[in-house]
Amino acid sequence: MERAQQVESDVMLLPEIAEFVLAAAKSAGATAADAVVVKGRRLEVGVRCGRLEKISQAEEASLGLRVFVGNQSAVASTSDLRRENLQEFARAAYELARMVAADSYADLPPLEQLAQDIPDLELYDPEVANVDPQRAQELALRAEASAMDTDSRIVNSEGAECTAHTSDVWYASTAGFSAGYQDSAISLSVVPVGRDSAGMQRDYWYSSARHLALMETPERIGRTAAERTLRRLNSRQVRTCEVPVVFDPETAASLLRHLATAVAGQSIYRGASFLAGRLGDVIAPQFVTVVDDGRLLRGLGSRPFDAEGVATRRTMVVGSGALRSYLLDSYSARRLGMESTGNASRAVGSNPFASPTNFVLQAGSTSPEEIVRSLKQGLYVTELIGFGVNLTSGDYSRGAAGLWIENGEFAFPVQEVTVAGNLLEMFASIEAVGSDLVCRRSIASPTVLIGRLTVAGRG
């Protein structure tokens, strides 16, 4: 009975944990500190060929503590959140900070940058929290069955997977900030395999959302995955050439991911970006606008404040084709003589770093069908393979698959080619942006046409 009462007394709410460990750090001698506490549940269910293949469910809570001793700082993390152990944990973090070399840029963000309001961005859906293994398995089975039933040429499956997670996040600092939020997300994907006389091909489709009701139906996901697989049958190579290249929304989003990394503060101050020193330069046509919006309602990258308590916001990264802003946390902002843009992220055991929230290329007015019809010849890219990107120079070379365009129509599927160019030149050579923007992930793009790239194939 006494042990049960002791365990109950050790259980603290997330705000209490954060405040307790901050007080312990100050008591140990820290001049400043911040803490992030995360409690989450994650469910993963996978099926293959109509049978359950894997199931994983986990609940965990963890704490990250960043301690400052003047300009010396260190980060420590723990999943042992019992009161009697947090005191010693905070002291150990303080002792670690004392051993680290001083860094004049290391500090908490200034008080005036901290979030003054905590808006409800509708990031949490109790329906996602209620998804159990049986429900997740049902969704995955429906998606896979839909794919298999689409066409007799769909002969196998690499499986379907449903993932659901929820989390509670609390952040507090000795600057006086203390706030939290809940979020959720669910995703469903399937990978069917098709066969014809030339061999076998695979492709995929998926949907992800903060709210269960916003996710595409399993049947639609399955049909789309099957259709994407079928259009790859009878693929061939093309001869090496220079042609216009159309990136579908999924592959165009990968170009945006490179851009997001290139404008992150740590890439800029380290000189590891082809955009270092180019703030204000025109890097794309006037119709190109890229926005990072941390407060997009129900956005997969949204949050009311960043990992340092700084208010998130809508930042125009590229406006009228010009590079308007980098994405900064407070450390990179100090290094660059700027202000944080509210883009600090962190794992519980790491220092904050700058990263995008909802990073989106704004839709244009041209449909993807019109873009394809405008081309006499070109490549429509549906898959990119490999990691041949040098973000310092911008040099770009990746394996690709897709559809060949002849006289404004899809002529045949293409595989085993390489698309090559330079990112700075590629963004400058954008000729059209599609109207088909759908934010399936936190980094999203519509269809993009780049005027000319090298497509390396046979001969």
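**Pockets, core and strands of a predicted model**

The residues that line the largest pocket fall into 14 nonpolar, 11 polar and nine charged, where Ala, Val, Leu, Ile, Met, Phe, Trp, Tyr, Cys and Pro count as nonpolar, Asp, Glu, Lys and Arg as charged, and the others, Gly among them, as polar. The model is predicted, and for that reason local features need a pLDDT of at least 70 and side-chain atom pairs count only at pLDDT 80 or more, while totals for chains, interfaces and linings use all residues. Residues are numbered from 1 along each chain as its sequence is written, and side-chain values use heavy atoms, with hydrogens and water left out.

A pocket is here an open set of points on a 1 Å grid over the protein atoms alone, with protein on both sides within 12 Å along at least five of seven lines; a cavity is a set of points where a 1.4 Å probe fits but cannot get out, and lining residues have an atom within 4 Å of a point. Grid points are joined across faces, edges and corners, and a volume is the space filled by probe spheres set on the points. Helices (H or I, at least four residues) and strands (E, at least two) are DSSP runs, numbered from the N terminus.

In these terms the largest pocket has a volume of about 830 Å³. It is lined by 34 residues, of which S167, V169, Y181, D183 and R346 are the closest to its centre. The elements that give two or more residues to this lining are β1 (32–48), β2 (51–69), β4 (154–173) and β5 (178–196), and β1 gives the most, with six residues.

The second largest pocket has a volume of about 660 Å³. Among its 26 lining residues, the closest to the centre are W205, R228, P249, Y380 and D436, and the elements that give two or more residues are β7 (205–209), α6 (218–230), α7, α10 (368–373) and β19. By class, the lining of this second pocket has 11 nonpolar, three polar and 12 charged residues.

The lining divides into 13 nonpolar residues, one polar and no charged, and helix α7 (residues 249–262) gives the most to it, with four residues.

In soluble globular proteins, nonpolar side chains tend to be buried together. A nonpolar core is taken as a set of buried Ala, Val, Leu, Ile, Met, Phe, Trp, Tyr and Cys residues joined through side-chain atoms within 4.5 Å; buried means under 20% relative accessible area, exposed over 50%, and partly exposed in between (1.4 Å probe, protein chains only). The largest core has 47 residues, of which F247, L259, V263, V290, F359 and L379 touch the most other members, and its largest share, six residues, comes from α7. Apart from it lies another core, of 27 residues, among them L14, A24, V37 and F89. If neighbours within four places in sequence are left aside, F359 is in contact (heavy atoms within 4.5 Å) with residues including L256, L259, V290, V317 and I443.

Strands of a sheet pair through backbone hydrogen bonds, either parallel or antiparallel; here two strands pair if DSSP finds at least two bridges between them. Five strands form an open sheet with mixed pairing, in the order β11-β10-β9-β14-β19, and its edge strands, β11 (322–323) and β19 (443–444), each pair on one side only. Within this sheet β9 (residues 290–293) and β10 (residues 314–319) run antiparallel, joined by four bridges, with D293 opposite R314 in β10. Strand β8 (residues 241–247) is mostly covered, five of its seven residues being buried. It pairs with β20 (residues 448–456) in the antiparallel sense over six bridges, C241 having V455 as its bridge partner, and with β15 (residues 377–385) in the parallel sense over three bridges, where F247 stands opposite V381.

Two loop residues may be set side by side. H211, in the loop between β7 and α6, has a relative accessible area of 12% and is therefore buried; beyond its neighbours within four places in sequence, H211 is in contact with E122, Y124, D125, V128, I186 and R298. S79, in the loop between β3 (72–78) and α3 (83–99), counts as exposed because its relative accessibility is 58%. S79 and S62 are 17 residues apart in sequence, yet 4.3 Å apart in space, C-alpha to C-alpha.
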